[in-house]
There are 2 protein chains.
Amino acid sequence: MDEMDAAMALVEKWRSQSRKGFLDLCALSLLASRDESYGLDMMEALAQAGLEVSEGTLYPLLARMTREGSLSPSWTTPETGHPRKYYRLSPTGQLVLAAMREEFDRNVAALRRIEGGTR
Amino acid sequence: MDEMDAAMALVEKWRSQSRKGFLDLCALSLLASRDESYGLDMMEALAQAGLEVSEGTLYPLLARMTREGSLSPSWTTPETGHPRKYYRLSPTGQLVLAAMREEFDRNVAALRRIEGGTR
DNA sequence: CCAAATATCTTGCTATGCAATACATAATAT
DNA sequence: ATATTATGTATTGCATAGCAAGATATTTGG
């Protein structure tokens, strides 16, 4: 089936676009529920929840949010093991998360209205 | 409150990012429930549902989806009024919509898991 | 000492949202 | 007739995020 292949290719392209911004919300939400975490640990937790995120995506995201003031990182060198950079929400980050959640929920509600009875 | 302003500015920047891809899903969903519609009419319907979309956003989106094969447009000149370009879902577009819905729902479910009990 | 594991960071590419602007035609007012 | 407003669609340019691929650094095990 040719039609199917075309559709799948389109959706694959769409996938990475549709994650823009959404991953910010996921990362902030994760930190809100875990209090603090580091890169690889977050990757594993997100995957556990069903969301595969690569390093090339997550690390720039964490760097940006730190630069913007939503995250407060702190290096920690455990007695045994590799040094880790732990992130936690800053006060600004908590405000940002709350606003993002509101907006996201509004958008989902709008989508449901748009879908109308067609589901 | 300074902290609040910083957060609002960040969320404003985030907003347009978070709509990438999401608007594709909304447009396809709208056409699925309406069978056919034209640009300004879609803008109005989306706004009615709580989603403000500008022309500079919607028209390129419709042009792209047409180019990709998800939409089948057809010009219509009514007896009275301005010529309109009506869009409807192509067979490919219906497959794309179904796949997008699945993925979107999976992502929302993942987010809810990530949020855990913190809401 | 070398290889594998753990952990973080960088570069380059592609693609979308959106403000601003432009263009065209139909209806209405003067 | 003619100007103005309303309706309708399209384009340009910029900023920004996701991601594959690869680089870097440290710790541990053979």
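**Figure 1. Surface and charged side chains of chain A.** The accessible surface of chain A is about 6,300 Å², and carbon and sulfur atoms hold 50% of this area. The model is predicted. Chain A carries 15 positive and 17 negative side chains, with the centres of the two sets 5 Å apart. Of the 119 residues in chain A, 43% are buried.

**Figure 2. Fold of chain A.** Five helices and three strands are present in chain A. Their order from the N terminus is α-α-β-α-α-β-β-α. With a radius of gyration of 17 Å, against the 14 Å that the globule rule gives for 119 residues, chain A is more spread out than a compact globule. Along the principal axes, the C-alpha atoms of chain A fill a box of roughly 55 × 35 × 25 Å.

**Figure 3. Contact between chain A and chain B.** Chain A contributes 47 residues to the contact, and chain B contributes 47 residues. The size of an interface is often given as the accessible area lost when the parts come together. Between chain B and chain A, the buried area is about 4,400 Å², and 66% of it comes from carbon and sulfur atoms. On the chain B side, the residues that lose the most area to chain A are Leu10(B), Trp14(B) and Ile114(B), which together give 16% of what that side buries.

Figure 4. Asp24(B) lies in helix α2 of chain B, which covers residues 22-34. The relative accessible area of Asp24(B) is 6%, under the 20% cut-off, so this residue counts as buried. Leaving aside residues up to four places away in sequence, Asp24(B) touches Leu61(B), Arg64(B), Met65(B) and Met100(B), as well as Trp14(A). Ala109(B) is 85 residues from Asp24(B) along the chain, and the C-alpha atoms of the two are separated by 20 Å.

Figure 5. Asp35(A) is located in the loop between α2 (22-34) and β1 (37-38) of chain A. Although Asp35(A) is not a glycine, its phi is positive, at about 75°. Asp35(A) is partly exposed, at 46% relative accessibility. In chain B, Asp35(B) is in the loop between α2 and β1 (37-38). Asp35(B), a residue other than glycine, has a positive phi near 75°. The relative accessible area of Asp35(B) is 45%, and Asp35(B) is partly exposed.

Methods
Residues are numbered from 1 along each chain as its sequence is written. Chains are lettered from A and ligands numbered from 1 in the order in which they are written. This is a predicted model: local features need pLDDT of at least 70, side-chain atom pairs count only at pLDDT 80 or more; totals for chains, interfaces and linings use all residues. Side-chain values use heavy atoms; hydrogens and water are left out. Helices (H or I, at least four residues) and strands (E, at least two) are DSSP runs, numbered from the N terminus. The radius of gyration is taken over C-alpha atoms; the globule rule is 2.2 Å times the number of residues to the power 0.38. Buried means under 20% relative accessible area, exposed over 50%, partly exposed in between (1.4 Å probe, protein chains only). Accessible areas come from the Shrake-Rupley method with a 1.4 Å probe; for residues, only the protein chains shown count as cover. Lys and Arg count as positive and Asp and Glu as negative; His and the chain ends are not counted. The place of a charge is taken as NZ of Lys, CZ of Arg, CG of Asp or CD of Glu. Contact means heavy atoms within 4.5 Å. Buried area is the accessible area (1.4 Å probe) that two parts lose on being put together, summed over both.
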